[in-house]
Amino acid sequence: MKSMIPTTNSKSHLKAIQNLCAALGIMTIACNACAGPFVLAYTDGQLPQASVNLELFHGKLSAVGLGSAYGMTDKGTIDGSGANSITDDIIKISKSKSLPIYPTISDYNQKIERFDEAISNAILTDPVKFSSSIQHLVNFANSKVFAGIDLDFEAVETKNKDAFS
């Protein structure tokens, strides 16, 4: 199936995604130095019990996924309006236990309280926004000293499937 992205080609998108993965260290998650299984705990930044559980079970974990705090906007920027004191606690605990953190960046729109196809559509059909969104993701991960990013776009329209894949 042909990409729906104007003025660009799938090779440039693949290269951009590969660059993002390399910048965020996503490919290194295989954990060559790990002797046992890789255990990623998903924490919800809106639930107080998440930080309690993290304190209790951190010794059995390899890394922490942080959800319900960050989203992508239709401009390709990061929306942190879901972050709160629980999110801060999860980050603080994870870092104090030397656990890598992988925050989820989704297409959840806080204003309309649902996953929003307009976000992925805006980013995937505009090469400038696409490139900018990748740079924002890299800068965000680096500025917060996160190990990587978990992209969770749940409302990608069928016409944009190949551009997102």
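Residues are numbered from 1 along each chain as its sequence is written. In this predicted model, local features need pLDDT of at least 70, side-chain atom pairs count only at pLDDT 80 or more, totals for chains, interfaces and linings use all residues, and side-chain values use heavy atoms, leaving out hydrogens and water.

**View 1. Confidence along the chain.** The mean pLDDT (the predictor's confidence in each residue, from 0 to 100) is 84 for the chain. A value of 70 or more is reached by 79% of the residues. Helices (H or I, at least four residues) and strands (E, at least two) are DSSP runs, numbered from the N terminus. Residues 1–8 have pLDDT below 50, with 15 contacts beyond near neighbours in sequence. Contact means heavy atoms within 4.5 Å. Over residues 23–31 pLDDT stays under 50, and the model has 13 contacts there beyond four places in sequence.

**View 2. Helix H2 against helix H3.** H2 (residues 48–57) and H3 (residues 85–96) pack at about 10 degrees, axes 9 Å apart. The two are therefore roughly parallel. Pro-48, Ala-50, Ser-51, Leu-54 and Glu-55 of H2 make the contact with Ile-86, Asp-89, Ile-90, Ile-93 and Ser-94 of H3. Six of these residues are nonpolar, two polar and two charged. Axes are lines fitted to C-alpha atoms, for helices over the stretch in contact; angles run from 0 to 180 degrees between N-to-C directions. Under 35 degrees counts as roughly parallel, over 145 as roughly antiparallel, 65 to 115 as roughly perpendicular, the rest as oblique.

**View 3. Helix H4 across helix H5.** The axes of H4 (residues 117–124) and H5 (residues 127–144) come within 6 Å and cross at roughly 105 degrees. H4 and H5 are therefore roughly perpendicular. Ala-122, Ile-123 and Leu-124 in H4 meet Lys-129, Phe-130 and Ser-133 in H5. The contact has four nonpolar residues, one polar and one charged.

**View 4. The second largest pocket.** This pocket holds about 220 Å³ of space. Of its 14 lining residues, Ser-68, Ala-69, Ser-106, Tyr-108 and Gln-110 are the closest to the centre. Strands S2 (63–72) and S4 (101–106) each give two or more residues to the lining. S2 gives the most, with four.

Note on methods. Nonpolar A, V, L, I, M, F, W, Y, C, P; charged D, E, K, R; others polar. 1 Å grid on protein atoms, 1.4 Å probe; cavity = no way out; pocket = protein on both sides within 12 Å on 5 of 7 lines; lining within 4 Å. Points joined across faces, edges and corners; volume = space filled by probe spheres on them.
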